[in-house]
Amino acid sequence: MSKFHNAPNRSKPVLDAFHEKYKVDPKTGCWNWTASLMQTGYGQFNPRNGKIVTAHRFSYQTHKGEIPKGMFVCHTCDNRACVNPDHLWIGTNAENLKDMREKGRAVYSPQRGEDNHSSKISAKDAEFIFLSCEKQSVL
């Protein structure tokens, strides 16, 4: 086995090598990528064309066709490691972000006041300071 490739036999067809690198979850139907994962949780695959690609995009292209320029391959299952083409759909960035927000997966959620993890004072303290006539050095 090559130290640069996970497949035991590099002469194996690319699709065979791809299909060896996931395991089907019988409960969810997800094809969970078991080979190399990026830090973001997406699988990565070398289709031997000189370019490493994300495994879910390769799966979509292989099973459903080309991905239009500027479009995203999104997951209905919300599992970044899933490469099941039945769980993948094409969407714009806006559609992908909307899907994330609607499913409660959006990382960005601005918190104001004491709900913000970086807050140093409570809302009550802020109100006291705002209404106070004391000098800053006293507060």
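Colleague: Is His75 buried or exposed?
Modeller: His75 is buried, with a relative accessible area of 7%. Please bear in mind that the model is predicted.

Colleague: Which element holds His75?
Modeller: His75 belongs to strand S5, which covers residues 72-75.

Colleague: Which backbone oxygens lie by polar atoms of the His75 side chain?
Modeller: The backbone oxygen of Cys82 is 3.0 Å from a polar atom of that side chain. For the backbone oxygen of Asn79, the distance to a polar atom of the His75 side chain is 3.4 Å.

Colleague: And which residues is His75 in contact with, leaving aside neighbours within four places in sequence?
Modeller: Among them are Tyr42, His56, Cys82, Trp89 and Asp99. Arg80, His87, Leu88 and Lys103 are also in contact with His75.

Colleague: Turning to the cysteines, how many disulfides are there?
Modeller: The count is zero. Cys30 is in no disulfide, and its nearest cysteine sulfur, that of Cys77, is 3.7 Å away.

Colleague: What about Cys82?
Modeller: Cys82 is in no disulfide either. The nearest cysteine sulfur to that of Cys82 also belongs to Cys77, at 3.8 Å.

Colleague: Are Cys30 and Cys82 buried or exposed?
Modeller: Cys30 counts as buried at 4% relative accessibility, and Cys82 counts as buried at 0%.

Colleague: Next topic: how many aromatic pairs does the model contain?
Modeller: The count comes to seven aromatic pairs. One of them joins Phe18 and Phe45, whose ring centres are 5.4 Å apart. Their planes stand at 80 degrees, so the pair is edge-to-face.

Colleague: Which elements do Phe18 and Phe45 lie in?
Modeller: Phe18 is in helix H1 (residues 14-19) and Phe45 is in strand S3 (residues 44-45), so the pair ties together parts that are 27 residues apart in sequence. Phe18 is buried at a relative accessible area of 0%, and Phe45 is buried at 3%.

Colleague: Which residues do ring pairs link into a cluster?
Modeller: The cluster consists of Phe18, Tyr22, Trp31, Trp33, Phe45 and Phe58.

Colleague: Finally, how many helices and strands does the chain have, and what is their order?
Modeller: The chain has four helices and six strands. From the N terminus on, their order is α-β-β-β-β-α-β-β-α-α.

Colleague: What share of the residues is buried?
Modeller: Buried residues make up 27% of the 139 residues. The accessible surface of the chain is about 10,000 Å², and 53% of this surface belongs to carbon and sulfur atoms.

Definitions and conventions. Residues are numbered from 1 along each chain as its sequence is written. This is a predicted model: local features need pLDDT of at least 70, side-chain atom pairs count only at pLDDT 80 or more; totals for chains, interfaces and linings use all residues. Side-chain values use heavy atoms; hydrogens and water are left out. Helices (H or I, at least four residues) and strands (E, at least two) are DSSP runs, numbered from the N terminus. Buried means under 20% relative accessible area, exposed over 50%, partly exposed in between (1.4 Å probe, protein chains only). Accessible areas come from the Shrake-Rupley method with a 1.4 Å probe; for residues, only the protein chains shown count as cover. A polar contact is a pair of N or O atoms within 3.5 Å; within protein, one must be able to donate a hydrogen and the other to accept it, and residues adjacent in sequence count only if both atoms are side-chain atoms. Contact means heavy atoms within 4.5 Å. A disulfide is a pair of cysteine sulfur atoms within 2.5 Å. Rings of Phe, Tyr and Trp (its six-membered ring) pair if their centres lie within 6.5 Å; planes under 30 degrees apart count as stacked, over 60 as edge-to-face and the rest as tilted.
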